[in-house]
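Welcome to my notebook. Today I went looking for salt bridges, and I kept a few notes along the way.

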Amino acid sequence: MDKQQRREAAAAYKARLQQGGVFQIRNTKTGRILLRRTTDLRGSRNRFQFAQMTGSCTDYALQAEWGRDGSAFVFEVLEELEQKETQTESEFKAAVEACYEHWQEKLADTPQY
């Protein structure tokens, strides 16, 4: 791959529309959840899967139980948002944040980490 092809590939990668949203990591044994938001849902899912495969922890809040019950944790997407062509990066982040706040209110009574 020459320099021009690399530049074009990098530009195409940067120009792609993001898929973000709100997800939870739930302990199926205790029912406790860790609520998170991201502008890169695919990357968050991949990090979680890698952490499960390697036995490493994805978040300090989960660390104590992860060592004991690592296989009991599941990754669940609660709401997915796709960046619109007209949205800037900061507008997309604000939309994801508003969605996250909605889910915080909705799951306020659920045991959390």
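I began with Arg26 and Glu76, whose side chains meet in a salt bridge at 2.6 Å, N to O. By that term I mean a side-chain nitrogen of Lys or Arg within 4 Å of a carboxyl oxygen of Asp or Glu. Arg26 sits in strand β1 (residues 19-27) and Glu76 in strand β3 (residues 73-82), so this pair ties together parts 50 residues apart in sequence. I take helices (H or I, at least four residues) and strands (E, at least two) as DSSP runs, numbered from the N terminus.

A note on the source: this is a predicted model, where local features need pLDDT of at least 70 and side-chain atom pairs count only at pLDDT 80 or more, while totals for chains, interfaces and linings use all residues. Residues are numbered from 1 along each chain as its sequence is written, and side-chain values use heavy atoms, leaving out hydrogens and water.

Next I checked accessibility. Arg26 is partly exposed at 26% relative accessible area, and Glu76 is partly exposed at 22%. My cut-offs: buried is under 20%, exposed is over 50%, and partly exposed lies in between (1.4 Å probe, protein chains only).

Then I looked up Arg36, which forms a salt bridge with Asp59, their closest N and O atoms 2.8 Å apart. Arg36 belongs to strand β2 (residues 33-38) and Asp59 to the loop between α2 (41-54) and α3 (63-69), so parts 23 residues apart in sequence are tied together.

My last pair was Glu97 with Arg37, a salt bridge at 2.7 Å between the closest N and O atoms. Glu97 is in helix α4 (residues 89-106) and Arg37 in strand β2, 60 residues apart.

How many salt bridges does a search of the whole structure find? I noted four.
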